[in-house]
Amino acid sequence: MSHPASLQPPPALDGRFIRLEPYHAGLKAELRAALDVDPEAWSLFSRAGYGAHFDAWWTVALERAATGDFQNFAVRRLSDGVIVGTTSYLNLKPADRGGEIGATFYRPEVRGGPVNPEAKRLLLAHAFEGGLFGQPAHRVEIITDARNLRSQAAIKKLGAHYEGVLRQNKITWTGHVRDTVVFSIIAAEWPMVRDKLESRLNALAAP
C-alpha cells in the first residue's frame, strides 16, 4: 500500500537556458524590475504585479507560499543572470498528487523563445517525476483567462489536453468577471509532452 504524498520544499530547478529560483527576500528588487513592464498584459491576470501593485503582489505571493498551497519561482536567464519573469505551482493538493502551473509572466523580449518551454519542462518534470510530492503527480492543470489567446496557444503547443471553460468563475483585479480555460496533463501523457518539449528546446539550442 502506498503512503500518502506530502509536499516537498521547493528546490531551485536548473535548465539549459533558465534557472527557477524559489522566492526569498533577496529576490524582491530583481523581481520588481522584471515585472514592472507591459501593463496591457497584466490586465489579463487575476492580480497585477507591476508598478505600484508590486508590493501587495509580493506580500500575497509569500503568504500563499507559507500555507503550502503555492510554490513561487523567479525565472533567471542563464546567459546573463537577469531575472526575466515568474511562474508558480498553485492550488497544490498533495493528497491527490495534483495542482496547477500558473501565475506566469515573462518580459516581452523573452516571449516566444526558450524561456517558457523550458520553465514548463522543469516544472512538469519536477511534478511528474516525484520531486513535488515525493511521489509522481497524477495530474497538472494549466489554466488561463479566455481572453488570453497567446497563452492558450502556448498551452496547446505543449500538448496539454483542453478540458473546457469555467464560465464567469473569477473576478480579476480590474473588476472583469472572467471565463477560465482549463487544460490538463496527466501522468500517462507526460512522456509525450516531455519529448515534444525536448525537441523544441533542442531546436532552440542548435547553432
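This is a predicted model: local features need pLDDT of at least 70, side-chain atom pairs count only at pLDDT 80 or more; totals for chains, interfaces and linings use all residues.
1. **The β6–β8 pairing.** Strand β6 covers residues 139–145 and strand β8 covers residues 177–186. The two run antiparallel and are joined by 7 bridges.

2. **Largest pocket: size and centre.** The volume of the largest pocket is about 1,200 Å³. Its lining counts 44 residues. Nearest the centre lie F45, A103, T104, F105 and S151.

3. **Largest pocket: who builds the lining.** Two or more lining residues come from each of α2 (39–42), α3 (54–67), β4, β5, α4 (115–128), β6, α5 and α6 (190–205). Strand β5 has the largest share, with 7 residues. By class, the lining splits into 21 nonpolar, 12 polar and 11 charged residues.

4. **Cavity.** How many cavities of 30 Å³ or more does a search of the whole structure find? The search finds 1. The largest cavity has a volume of about 30 Å³. Its lining consists of Y89, L92, G98, G99, E100, I101, A127, L132, F133, A137 and V140. Both β4 and β5 supply at least two of the lining residues. Strand β5 gives the most, 4 residues. The lining of this cavity has 8 nonpolar residues, 2 polar and 1 charged.

5. **Strand β5 in both linings.** This strand deserves a look on the display. It provides the largest share of the pocket lining, and it also gives the most to the lining of the largest cavity.

6. **Aromatic pairs.** The whole structure holds 12 aromatic pairs. Take F128 and W190: why is this pair stacked? The ring centres are 5.8 Å apart and the planes meet at 20 degrees, so the pair counts as stacked, the limit being under 30 degrees. F128 sits in helix α4 and W190 in helix α6, so the pair ties together parts 62 residues apart in sequence. Both helices also give two or more residues to the lining of the largest pocket.

Terms used:
Residues are numbered from 1 along each chain as its sequence is written. Side-chain values use heavy atoms; hydrogens and water are left out. Two strands pair if DSSP finds at least two bridges between them. On a 1 Å grid over the protein atoms alone, a cavity is a set of points where a 1.4 Å probe fits but cannot get out, and a pocket is an open set with protein on both sides within 12 Å along at least five of seven lines; lining residues have an atom within 4 Å of a point. Grid points are joined across faces, edges and corners, and a volume is the space filled by probe spheres set on the points. Ala, Val, Leu, Ile, Met, Phe, Trp, Tyr, Cys and Pro count as nonpolar, Asp, Glu, Lys and Arg as charged, and the others, Gly among them, as polar. Rings of Phe, Tyr and Trp (its six-membered ring) pair if their centres lie within 6.5 Å; planes under 30 degrees apart count as stacked, over 60 as edge-to-face and the rest as tilted.
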